[in-house]
Amino acid sequence: MNHKFLRFLTALLILCLIWPVSKLHSSDTKSATADLRIKLNLKERAGVNRYNEPITSGVPLPEGRIFINKDNKEIPLRLVDDKGQVIPAQFTPQAVWPDGSLRWVLLDFQASLEENTQRDYYLEQTQFPNYPKTNLQIRDDKDNITVATGAIQFIVNKTKFNILDQVLIKTVDGEQEIVPLGCQGGITLLDEKNKPFQAILEPPQEVKIEEQGIQRAVILIRGRLRAANGELFKPHAANYTVRIQAYNDKDYIRIFFSFENNGRYGFRHEDDQSDSFLFNSLYLTFPVNIETASGVTVNNYEGIFQPNDRYFLFQRHSLIKPENEDENFLYFTKKNSTQVDNGHMAEGLLDVKGKTTGCTLLVRHFWQNFPKALELKDNQMVVHLWPQGEKWPPDAEVNSYLMRGGTHKTYEMLLRFYQPAKKDLYAEELHTAFTHPIMALPSPQWFAESKAMGWIVPAGINTGDKLLDEALARYEKMQRCKFDIKSSEIQHDEILPTTIYTERKARGEGLDWYGWMDFGDLPWGGERGDGAYCSGHYDWPYGMLLNFVRSGDYGFFDLGDEMARHRIDVDQYHSKTGSPWLANFAWNEFGSHERWPEPWEPNPSHTWIKGVLLYHYLTGNQQSKEVALAAGESLIYYWTHDFGDERPGSPELRIQGWSIENLLELYRLTGAKKYLEQAKKIYHERTRPFIHPDGYTGDPRDVNIYQLVLVLEPLIELDQFIHDETLQDDLLKILEFLVKRGYMEGKMHEVQDSVTKETKQYYINYMLPYSMNVQTGLKTSTAPGYNFMVCNALSYAYWITGRPEYQSFARTIFKDAVFYWQEDPVPVPVEKRSPISYAAAHFPGSRTKVHGWINRYPQKFLYELTHPKPDTTPPRAITDLEALYIDGKVILDWTAPGDDDSKGKADRYQIKYSTNTISSELTWLQASHVNSEPAPVEYSQMQKFVIGGLKPGKTYYFAIRTLDEEGNQSATSNVVSIYLN
C-alpha cells in the first residue's frame, strides 16, 4: 500500500475521532449539544453606558425540554454572547411543567452596553453546564452572615440588626473599613409622641440566606422595633422585612426595605377592632467613614463636606396648581441652614467622594413617593422614608402618618462603596441605570411559542384581510395609548390626546396619582362622584407586563413595574390577625387609600394574581410570589369553610371565576394538585349549579350579562387543564345565549342626506347590555367593551368544535369593539372610527375598567387568527342511528361515518340523551353526556353502545356527534327516541 495514502487514511481516521470532541468544545453556538437555543436581547434605553451591569431576567421554557439533574441539581443550560463566548451565568428554577420540566428559569449574569445600543445573547441547552469560579462568597455562622463579593465585604448581624454592621472595601493598599464594625444605625421609627423604636434593640425574628449563586445572593431579614425601655412598637402588627442583594465583583448592594402593618383594618366582621397606627417618622441610617473635604452630590447640587456639615434634601407635594401636577412638587436642598438648591422633582441621589473612598446612596421612585428626604451628617447617610413634619392623609387632624391595618410599603435602594480612582459609573449614571433596569428579553415570538404563559400572540400580526388588519392595528394602538402620546388621537369633541402620563400631569379625576400610598394605582372616577382608586382592577399589572412581552416595549414594563409594586404592598390586605375570610385578598375599587367605605372589603371578586406572578417570573421579585401564595391559601380557606351570612361578597359568578383563574395560576407556579382540585371543585359545586340550561345565570327578570362575560375566561383556562366536555357545554351554552339572545343591533342602515339627497351607509355596532330580562327581552345600559371577552371565548369555541359560525362572529364583534365605541345604539357612518385615547370621551367614568379589559383580552382570539386549524373538515354526520330497549338497557347502533367526509377513522364520539327532544344547538348542549363512549372504528363498520341506569316510565331522546383529532364536530345525527316501559 502506498505510504502516502496510508498516512492520509490515518490522518483522516484521527480527524474523525477528534471531530466530535472539537465540535463539542467549540464556541460555535450551533453545536450538537445546543438542542434549545433562545435569543435574548439587551437594550440600553436610558442613554448611559453600562459596565458589567448585573442583569436579572426570567426566561420561559417549553414543556418537556429542560429537566434538573436530580443527583447534583445541575440545570443543563449555558449562556453565550454574540461572539459565541460562554458567559458566567446563574440559573434559578421558578416554575415547572406538570412533567417536571422547567417552565420558567431566572437568569443572572453581567453585561456591558454602550449608551443606546443593543446586544444579543443566547441561552442554550447543553450537556456540560458551565459553573465558573465566583468571588461571591457567603459565610453563615451563629451571630453573623458575612458576604464577600470580591469588591466589598459586609456583615449582617443576626442579634443586633443594623442593616450593615461592617463594610470593608478593597483598595490598592488593602482592605479599608468604610462602615465601622459595631456602628449604631439601621432602622428607627418615631411614634406619634416622638418616642424612638429601633431594629438594633430587638433581635430579628428571621435571618437567612434566601438565594445564593455565582452571580447574585439575597439575605432576608424580618423583625420588629423596640424602644430603649424594652417596649415593642405595635408587636401584633408592625414588622419590617429587608432583602439585601449582593452581586459578584460588585461594590454595591441593593436593599429592599418593607415596613409592614400586618394587623386588622377593623371591618364589621372584626367588631371594629383596628390595628391601624400612627407614627411621626421612619428613617434608615447608614454610618460611613467620610473623609474631610470630600465632594458631595445631593440630587443636582455639588458641594464640599467638612466636619459638622449637614446636607439635607427634602421632597414634598402641595396642591398649588390643580391643573398642572408638575407645579405641585417642590424640593429644596440645604447645607447647614442655607438653602443651596430647589426645584420640583428631585431624584433620590446622595454621593460623597473622598480621595480613597466614596459612597453613593440611591432611592428609586423618590419624588413619586413623596414625602421623602436624604441627609448627610456626622458620618451618616440617612434615608427619611417618612420624614418628620409631614402627615398622611393630607386632611388628617393629627400631624402623623397613618399606616392602615393590612398595609405594606416597600422601597428599593442602592448603596455603593467605591474607590474614586476606579473608572466606572458616576453617581448620576448609576442612578439612571438603577432607575431604568435592562433585561435579557426573549423575542415576543418565543414568549408565545414556549406556551409558558398559555395562548398569547406577539403584537403586530397581519392576516391579509384589509378590514381585519385595520382593526388589529387599532387594537395595538389601544394598548400603547396608555403611555405613548403618538398612539393617542384627538377626539371628536377636540379633547387633547391623553395617556396615563398626561392624565397624571393634569391630575385627572382630581385624585393624587403620586405619593407613598397612591403611586402605582389609577383613579377611577366620573360615575363615583369625586373619584376613586381602581386598585388595579382587572389586573393592570398583568395587562402591562403581558403587552411588554408581546411587544418588547419597555413603556409597558415601566408602568407594570409601578403597578405591580402597588398591588403587592397596598392593594392586598396583609392581615395576620383579622378575619380569615378577608385576609390576603385584594381591595375592591372605590374610596381612598386611607379609608374604604363599608362594605367595600377585600374580596375574591377583585383579587388577581396573574400580574404579580408574571412580575415574579420576569424579575425574580420574591414579594410577588409571597402575596400570590398567601392569596391562594385564603382562597382555599374561603371555599372550604362555611361563614354563614358573614362571608364577604355574594354568589357573583365572577367571584367563582377569578378564584378558579387564581388557583390555576398557583398550580402553574407550584405544581401542587390542591390548587387544581380546588378549582375543579369550585366549578362543579359552585359555578355549574348557577348556570341555567338556557345559558344564563341568576333571576331571569334581571340577568347580569356582566357576570356572564367575566366567567368565560376562567372556564376556558380550566378546560385547558381538564378537557371536560360538561364544562365545554356550559361554556357553549353561555355563548349561545349571548350571541342569539343577548346581542343588540349589528345592523346596516341606509340614511339619505337631507341636503345632497345622497344615500350613505350607516351602521349600529354589535353590543351587549349590562343586564336584561330574558322573559320580556328588555335590555339596559349597553357595553361595547364586552366584545373583547366574548370574541375571545368564541375563538376558543371554534377551536374546540370547528364550527365556523363561532369564528365568523368573533371576527365581527372584534372589529366592532375597536371601530365603534358609542354606548347608545345609534347609527354612525360605517367608515367612522372612534378615537383612540386613554381618557377617551366614550368611557369617561370607567376608563380604567375598559382599558383593563383591553389590556388582557383577547389573546385567544389573536391565537386563533395566527394558528389556523390544520384540519377544518368535520366528519360526516351519522344518519342511521337506531335504538332498542331490552332488559332495562338501551342499545344504540349505527354505521361509523369515518373522518374528513367519510374517509378513515374519526377520533371520538359525543353521545347524548335527554327527556326533551334534541332539535337545536341549545337543546344539544342541554342534553346529558353518557360515560365511556366507544372509540370510533373504520368508515362503514357497524358500532353498538349499551346505556343503562335510565329511569323507566319516560321517553328518552338520543343523538351522536362525531369529532376528529382537531375537535371538528359533525352535525348532529338523526335523533331517535324510545319510551322506557
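**Pocket, cavities and sheet**

Trainee: Which helices each supply at least two residues of the lining of the largest pocket?
Mentor: They are helix 10 (653-670), helix 12 (705-722), helix 13 (725-742) and helix 14 (786-801). Helices (H or I, at least four residues) and strands (E, at least two) are DSSP runs numbered from the N terminus. Keep in mind that this is a predicted model, where local features need pLDDT of at least 70 and side-chain atom pairs count only at pLDDT 80 or more, while totals for chains, interfaces and linings use all residues. Residues are numbered from 1 along each chain as its sequence is written, and side-chain values use heavy atoms, with hydrogens and water left out.

Trainee: What is the idea behind a pocket or a cavity?
Mentor: Rolling a probe the size of a water molecule over the atoms shows where empty space is left. On a 1 Å grid over the protein atoms alone, a cavity is a set of points where a 1.4 Å probe fits but cannot get out; a pocket is an open set with protein on both sides within 12 Å along at least five of seven lines, and lining residues have an atom within 4 Å of a point. Here the largest pocket holds about 770 Å³, the space filled by probe spheres set on points joined across faces, edges and corners. Of its 27 lining residues, Trp-455, Asp-719, Gln-720, Phe-721 and His-723 lie nearest the centre.

Trainee: How many cavities of 30 Å³ or more does a search of the whole structure find?
Mentor: Nine. The largest has a volume of about 460 Å³, and among its 28 lining residues Thr-56, Arg-254, Phe-256, Glu-412 and Thr-619 lie nearest the centre. Strand 2 (50-60) gives the largest share of that lining, four residues.

Trainee: And which residues lie nearest the centre of the second largest cavity?
Mentor: Met-453, Gly-454, Tyr-542, Lys-610 and Glu-665, out of 21 in the lining. About 230 Å³ of space lies in this cavity, and helix 8 contributes the most to its lining, with four residues.

Trainee: In what order do the nine strands of the open sheet run?
Mentor: Two strands pair if DSSP finds at least two bridges between them. In this sheet the order is 15-16-17-18-30-26-25-20-21, with antiparallel pairing. Strand 15 (206-212) and strand 21 (301-305) are at the edges with a single partner strand each, so one side of each has no neighbour in the sheet.
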